Amino acid sequence: MIWKLVIGGVGGQGIITAGIILAETAVIQEGRFAVQSQTYGAEMRGGLTRTDVIISDDEIIYPKVDQAHMLACLHRKALSAYHGMIRPGGLLVTDRDEAPALKRLDCRQYEFPFSAAVRERTGGVRNVNLCILGAIAHLTGVVQMEHLEDAIRERYPGNDLALAAVKLGQELVVDSGFRAVHLGEDGRTGRHATSARV
Amino acid sequence: MSSTTRSSRANGAAAATDRTSTGSNGSRAAGTTAATAKSRTLFVPGNEACAEGALYAGLGFFAGYPITPSSEIAEIMSRRLPERGDRFIQMEDEIASLCAIVGASLTGSKVMTATSGPGFSLMQEALGYGIMAEIPLVIVDVMRGGPSTGMPTQGSQGDINQIRWGTHGDHSIIALTASTNQALFETTVRAFNLAETYRTPVVVLYDELLGHLREKLTIPEPGELPLVERLRTGVPEGVDYHPYLIREDGRLPMSDFGGVHRYNVTGLYHDMWGFPSTDPRTVDELAHHIYDKIELRADELAQAREFYMEDAEIVFISYGSPARTARQVVHQARINGQRLGLLELETIWPFPARMVRDACRNARSTIVVEMNMGQMYYHIRNAVENPRSVFLSNRVDGRFITPKDIRRVLRIVEGQGE
C-alpha cells in the first residue's frame with residue numbers, strides 16, 4: 001500500500017518536524033519505505049509551510065505528492081493554499097479553531113480542537129504538531145500508534161509532554177467517535193483500496 | 001519490476017563500484033541488509049547521504065563555504081570530521097575552498113568540498129588547476145536554479161555543461177549523479193575511488209530535491225563497498241622521484257607533499273619533474289594524457305540503471321531525481337501494456353555515448369527528461385543514429401517535473417495531441 005500525506009501550517013508550528021517524525025516512524029520503527037520533503041518561505045516564523053510524506057510497503061519511485069490521500073492543516077492560510085491538493089473523497093484533518101474546515105470541499109472532513117486541547121492540558125501551544133500526529137496515526141493507521149510513541153521516545157528521551165501530546169491526539173479521535181479510515185492505494189497497480197470503512 | 005545495473009570495470013576503481021543487479025522491486029543491494037541492523041538504517045536527506053558516503057570513503061579533509069542547497073554537507077562535516085581527528089575548515093569563499101582541498105590532497109588526504117551553482121562558478125579556475133596538476137578531488141555540486149544566484153531553494157539541472165566546459169582549455173572530467181539517497185551514498189564512494197585512480201577532480205552532482213529529500217539510507221558495513229587507496233611511489237628518500245613521469249598504464253604514483261620527496265606542482269604545462277615547459281613534445285604528451293586518461297575510458301566509466309529496456313519501443317533517458325519521475329511513468333505504462341523503457345544515467349561525464357547509442361538503436365523514439373533547457377539532450381542527439389527521433393521533456397520553472405509533464409510530451413511524440 002502507498003499513502004500520500006500532506007501537512008500544512010505556518011512556520012514555527014513544527015509542521016516539518018511532524019512530517020519527519022511520521023516518515024521516520026515508518027522507516028526506522030516499522031522497516032517500511034518513506035520519503036519526506038518540504039516547502040517553505042524565507043521567513044523564520046509565520047510563512048506558509050508544508051511537508052509531503054509518502055509511506056509505502058515498497059520502494060517509492062516518484063517522491064512528490066501531487067494529490068494527497070490526506071491533508072492535515074494547522075492554520076487557515078495553509079488550508080486555503082493547499083485544499084486543492086486533496087484527492088477527491090480524501091481526508092481532511094484540521095484544527096477546529098485555527099483552520100475551520102471549508103465545507104464545500106469534496107473530501108471527508110474531520111475537525112479536532114488540537115490547539116485548545118494542548119493548551120488546556122499543558123498551558124502552552126508547544127507539541128500541537130505531535131498531537132496532530134497522534135490523531136493521524138489513530139485515525140488512518142498509516143503507522144502503528146505504539147511505533148509512533150517509540151519514535152517520540154527515541155527522539156525526545158524523557159520528554160513526557162511530547163509523549164502526552166501524541167496520546168492526547170489519539171484521545172481526541174477516540175472521543176470524537178470517528179471510525180478509522182483506510183485510504184491508501186496499491187502501489188503496484190495504482191488501484192484504490194476497496195476497504196474504505198467510512 | 002525489471003531493472004538492471006550496467007557497470008564495467010575500469011582498473012581498480014570500477015571493481016570498487018561494481019554493483020550487482022538490483023532486486024525484483026528495483027531496490028539496491030543495501031536494502032537487503034536493512035532488516036538485520038536497525039541502527040545502521042537512517043532516515044536522512046540526500047545531503048547527509050552524500051556526507052556519509054564521503055566519510056565511509058575515508059574523507060580526511062573538507063574545506064567549504066556554505067551555500068543553499070548544499071549547506072548541510074558542510075554542517076555535518078564541521079561536526080563529524082573533528083570527531084574522528086580529521087580537519088574541517090570553513091573558508092572565506094569558494095575559490096579558497098577549492099584551493100585548500102588541492103593543497104590538502106597533495107599532502108595525502110582524501111578531500112572534498114561541496115557547493116552549488118554560484119560557488120561552482122567561482123571554482124572553475126582552481127578546477128582547471130586540479131585537472132592540469134592531476135590532483136584527486138571530489139567536488140559536490142547540489143544544483144539550484146540559475147544562472148547567477150538564481151533560485152536558492154528550487155531545484156534544477158543547469159550545471160551539466162558547466163561541469164564539462166566551465167574551465168578553459170582542452171581537458172576532460174568525471175561527473176557522477178544519482179537519483180536516490182542509497183545510490184547517492186554509493187556514487188559518492190565511487191567518486192573518491194575514481195578521483196584516486198585517475199588523479200583527477202570528480203564532480204558529484206544532484207539537484208536540490210534530492211539534497212533535501214529524506215529517505216531510507218542503509219550504511220554498508222566497512223569493507224562491503226571496496227575503497228581505492230592512493231597509488232604512492234615506492235621510491236625511497238634520496239632517490240629521484242619524478243612526480244609527472246607517466247607510467248605505461250597512464251597512472252602516476254604520488255608522494256605526499258611535505259614528506260620525503262621535494263617536487264614542483266604547477267598549472268603550467270610541465271615536464272616529468274613538474275617544472276614548466278613549452279617543449280612541443282612535452283606539451284603534446286601532457287595534453288593528450290590529461291584528455292585521454294578519461295575520454296578513452298568513457299565506456300569503462302559509463303554506468304547506468306536500466307528499467308524495462310529489453311523490448312522498449314520508446315526509450316526515456318534521464319538522470320538525477322527527474323529519472324524517478326520518468327521511472328514512475330514507465331512503471332505505470334507497463335501496467336497498461338505500453339512498451340516503454342528507461343535508461344537512467346549515473347555517469348554524466350565522460351559522456352556515455354556508446355551506451356546511449358545502443359539503448360536507442362531499436363527505439364521508435366527517445367525522450368530525454370531533464371530539468372534544464374536540454375543540456376544533455378544535445379549530446380544524446382549527437383550520439384544516436386537517428387537524431388530526429390530524440391525529443392526533450394523538460395521543466396525549468398523550479399518545480400519538480402511531474403509524470404503529467406512527461407506524459408504530455410509522450411502524447412505529442414506519439415501523434416496523439418496534447
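Which residue of β7(B) stands opposite B:G145? The answer, in this predicted model, is B:M151.

## Chain A

Chain A contains six helices and six strands. Along the sequence these elements follow the pattern β-α-β-β-β-α-β-β-α-α-α-α.

Of the 198 residues in chain A, 51% are buried. Among the contacts in chain A with a separation of 6 or more, 56% are between residues 24 or more positions apart.

## A sheet that spans both chains

Eight strands form an open sheet with mixed pairing, in the order β6(A)-β5(A)-β4(A)-β1(A)-β3(A)-β2(A)-β10(B)-β2(B). Its edge strands are β6 (107-112) of chain A and β2 (41-45) of chain B, each of which pairs on one side only. On average, and with direction ignored, neighbouring strands of this sheet are turned by 20° against each other.

Within chain A, strand β1 (residues 2-10) pairs with β4(A) in the parallel sense over four bridges. One of the residues involved is A:G8, whose bridge partner in β4(A) is A:C73. Helix α1(A) packs on the sheet, where it touches β1, β2 and β3 of chain A together with β2 and β10 of chain B. The direction of α1(A) makes about 10° with that of β3(A).

The sheet crosses from one chain to the other where β2(A) meets strand β10 (residues 214-218) of chain B. These two strands run antiparallel and are joined by two bridges. A:V35 has B:E215 in β10(B) as its bridge partner. In chain B, helix α8 (residues 181-198) lies across β2 and β10, running at about 55° to β10(B).

## The contact between the chains

How many residues of each chain take part in the contact between chain A and chain B? There are 20 residues of chain A in contact with 22 residues of chain B. On the side of chain A that touches chain B, α1 (15-29) and β2 (33-40) of chain A each supply at least two residues. The residues on this side divide into ten nonpolar, five polar and five charged.

A:Y62 also touches residues of chain B. This residue lies in the loop between β3 (48-56) and β4 (68-73) of chain A. Leaving aside residues up to four places away in sequence, A:Y62 touches B:R324, B:T325, B:Q328 and B:P403. Is A:Y62 buried or exposed? It has 22 C-beta neighbours inside 10 Å, and the cut-off for a buried residue is 20 or more, so A:Y62 counts as buried.

## Strand β6 of chain B and its partners

Strand β6 (residues 137-145) of chain B is mostly covered, with nine of its nine residues buried. It is joined to strand β5 (residues 110-115) of chain B by four bridges, and the two strands run parallel. In this pairing, B:A114 stands opposite B:V140 in β6(B). Seven bridges join β6(B) to β9(B), again in a parallel arrangement; here B:V138 stands opposite B:V202 in β9(B).

The pairing of β6(B) with β7(B) is antiparallel and has two bridges. The pair from the opening question belongs here: B:G145 stands opposite B:M151 in β7(B). The two strands form a hairpin with five residues between them, and B:S148 in the turn has a positive phi of about 55°.

## Two domains of chain B

Chain B is divided into domain 1 (6-218) and domain 2 (303-413). Their contact takes 27 residues from domain 1 and 22 residues from domain 2. On the side of domain 1 that touches domain 2, the elements giving two or more residues are β7 (151-155), α7 (160-165), β8 (174-176), β9 (201-207) and α9 (208-212) of chain B. The largest share, four residues, comes from α7(B). By class, this side of domain 1 has twelve nonpolar, twelve polar and three charged residues.

## The largest nonpolar core

In soluble globular proteins, nonpolar side chains tend to be buried together. The largest nonpolar core of this model has 177 residues, of which A:A23, A:V93, A:C131, A:I132, A:L133, B:I101 and B:V138 touch the most other members. Helix α1(A) gives the most to this core, with ten residues. Both domain 1 (6-218) and domain 2 (303-413) of chain B give residues to the core, so it lies between them.

Not counting residues up to four places away in sequence, A:A23 touches A:A34, A:V35, A:Q36, A:V53, A:I55, B:F43 and B:R214.

Conventions: Residues numbered from 1 in each chain as written. Chains lettered and ligands numbered in written order. Predicted model: local features only at pLDDT ≥ 70, side-chain atom pairs only at ≥ 80, totals over all residues. Contact = placed C-beta atoms within 7 Å. Nonpolar A, V, L, I, M, F, W, Y, C, P; charged D, E, K, R; others polar. Pairing = 2+ DSSP bridges. Domains from an automatic or database assignment. Buried ≥ 20, exposed ≤ 12 C-beta atoms within 10 Å, placed from the backbone. Core = buried A, V, L, I, M, F, W, Y, C linked by C-beta atoms within 7 Å. Axes fitted to C-alpha atoms, helices over the stretch in contact; angles between N-to-C directions.
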